[in-house]
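Here is a friendly walk through one chain, going from a single residue out to the overall layout. Please keep the structure open beside the text as you read.

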Amino acid sequence: MYKVGKEPVLMTCPNCRSAQKTVVTLIPTTKTHVMAVAFIPILLCWLPYVTKGLRKAKHTCSVCGAYIGISG
Ligand SMILES: [Zn+2]
């Protein structure tokens, strides 16, 4: 697994060997769900799902779609 951040990165795909920029998909984590529950009383339970800092970024190859890594 590669160390990646939350922004797309230029790298060589380990699967298809193309020099490409990764595609980032933001996915909710356990922390996102916990925050959502905490926000229910003030009707802001949707907030964690739109906050970039509370989600992990999954990187995939833009050429072949291979999974590359996930941000910590
Ligand atoms: Zn690829």
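Beyond its neighbours within four places in sequence, Thr29 is in contact with Arg55 and Lys56. You will find Thr29 in the loop between strand 3 and helix 1 (30-39). Is Thr29 buried, partly exposed or exposed? There are 14 other C-beta atoms within 10 Å of Thr29, so the residue is partly exposed; a buried residue would need 20 or more, and an exposed one 12 or fewer.

Please bear in mind that this is a predicted model. The predictor's confidence is given by a mean pLDDT of 94 for the protein chain, with 99% of the residues at 70 or above, that is, scoring at least 70. Among the elements, confidence is lowest in helix 2 (residues 47-50), with a mean of 94, and highest in strand 2 (residues 19-21), with 97.

Which strands form it, and in what order? Three strands make an open sheet in the order 3-4-5, with antiparallel pairing. Strand 3 and strand 5 are the edge strands, each pairing on one side only. On average, neighbouring strands of this sheet are turned by 25° against each other, direction ignored. The two pairings are set out here.

| Strand pair | Sense | Bridges |
|---|---|---|
| Strand 3 (residues 23-28) and strand 4 (residues 55-60) | antiparallel | six bridges |
| Strand 4 and strand 5 (residues 67-70) | antiparallel | three bridges |

Lys3 has its place in the segment before strand 1 (10-12). Why does Lys3 count as exposed? Because Lys3 has 9 C-beta neighbours inside 10 Å, and the limit for an exposed residue is 12 or fewer. Even so, the C-alpha atom of Lys3 is separated by 9.2 Å from that of Ile68, a residue 65 residues apart along the chain.

Finally, the chain as a whole. The protein chain has two helices and five strands, and from the N terminus on, its elements run β-β-β-α-α-β-β. Its radius of gyration is 15 Å, well over the 11 Å that the globule rule gives for 72 residues, so the chain is more spread out than a compact globule. The C-alpha atoms fill a box of roughly 50 × 15 × 15 Å along the principal axes. Buried residues make up 10% of the 72 residues. Of the contacts with a separation of 6 or more, 56% are between residues 24 or more positions apart.

Terms used: Residues numbered from 1 in each chain as written. Predicted model: local features only at pLDDT ≥ 70, side-chain atom pairs only at ≥ 80, totals over all residues. Pairing = 2+ DSSP bridges. Helix = DSSP H or I, 4+ residues; strand = E, 2+ residues; numbered from the N terminus. Axes fitted to C-alpha atoms, helices over the stretch in contact; angles between N-to-C directions. pLDDT = per-residue confidence, 0-100. Rg over C-alpha atoms; globule rule 2.2 N^0.38 Å. Contact = placed C-beta atoms within 7 Å.
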